[in-house]
Amino acid sequence: MLVYGKNVVSELLKSKTKINKVFLSNEFNDENILSELSKKEYKRFHMDKNKLDKMCNSTYTQGIALDIEEYKYYDIDTIKNDDTASFIVMLDSLEDPHNFGAIVRTCECAGVDYIIIPKKRSVSVSSAVYKTSAGALSNVKIVEVVNLTNTINVLKDLGFWVYGAEANGKNYRNFKYDGKTCLVIGSEGHGLKQIVTKSCDEIISIPLKGKVNSLNASVSAGILIYEIEKYK
């Protein structure tokens, strides 16, 4: 997988992620990153920035890119065996990698234990997600599952109370999230699937006072995540 940008690279250099190759523009001069790169014998390739940008299909490479191993997802057994987990965010068929990356970044900052996504019909970890998350992916555990409703039932058996974020739910401020909590965020434009909605313990909403009838998925997630985080 090809990832790029200074923040992403800085985080990956501090992680255990396997780095296969390093691509640098001829003008790259970030001393901190160059110092970290010099500590290990990475395969380096120097090139014109325009060529680097074209290779990454982006003009926001900031002169550096890494070829890294594919992201290794966790499975549900990881959660089953983690007695310390108390806050999980589940994403129901999110489609936009930029929303996904923004949510990953918020989850990392708020100390969310796990993010759960479905294997099919959902955004997955990509270069765009790495970039938008500003490297937070290196510090977040993402669990990939076959079926969200079955997973919700597993979480309930583990003592989690599951809140689905959807329009026409109860005001999110009316709850105390002091137990094990799973927050389910729906896809852009479609929200939660009906079967997922029925599986949740409560449906919560963010009151809207304007004329627009919904918030961006990552914005909604940010508001709700930090409300729940207050009780952790």
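This report walks through the overall build, the nonpolar cores, a surface patch and some salt bridges of a predicted model.

## About the model

Because the model is predicted, local features need pLDDT of at least 70 and side-chain atom pairs count only at pLDDT 80 or more, while totals for chains, interfaces and linings use all residues. Residues are numbered from 1 along each chain as its sequence is written, and side-chain values use heavy atoms, with hydrogens and water left out.

## Overall build

The chain has 9 helices and 10 strands; these are DSSP runs numbered from the N terminus, with helices being H or I of at least four residues and strands E of at least two. Its C-alpha trace spans about 55 × 45 × 30 Å along the principal axes. For 232 residues, a compact globule would have a radius of gyration near 17 Å, and the chain's 19 Å agrees with that (taken over C-alpha atoms; the rule is 2.2 Å times the number of residues to the power 0.38).

Buried residues make up 48% of the 232, where buried means under 20% relative accessible area, exposed over 50%, and partly exposed in between (1.4 Å probe, protein chains only).

In soluble globular proteins, nonpolar side chains tend to be buried together. Here the largest nonpolar core has 51 residues, and Leu-91, Phe-100 and Ile-115 are among those with the most contacts inside it. A second, separate core of 20 residues includes Ile-76, Leu-155, Leu-192 and Ile-203. Such a core is a set of buried Ala, Val, Leu, Ile, Met, Phe, Trp, Tyr and Cys residues joined through side-chain atoms within 4.5 Å.

Leu-208, Leu-215, Val-219 and Ile-223 make a nonpolar surface patch of about 280 Å². Patches use residues with over 30% relative accessible area and no salt bridge, joining like charges within 9 Å and nonpolar side chains (Val, Leu, Ile, Met, Phe, Trp, Tyr) within 5 Å; areas come from the Shrake-Rupley method with a 1.4 Å probe, and for residues only the protein chains shown count as cover. Val-219 lies in helix 9 (residues 217-229) and, at 41% relative accessibility, counts as partly exposed.

## Salt bridges

There are 10 salt bridges, each a side-chain nitrogen of Lys or Arg within 4 Å of a carboxyl oxygen of Asp or Glu. One of them joins Asp-30 and Lys-6 (3.9 Å, N to O). Asp-30 sits in the loop between strand 2 (19-25) and helix 2 (31-38) and Lys-6 in helix 1 (residues 6-14), so this pair ties together parts 24 residues apart in sequence.

Asp-77 and Lys-80 pair up too, with their closest N and O atoms 3.7 Å apart. Both lie in helix 4 (residues 76-80), 3 residues apart, about one turn of the helix.
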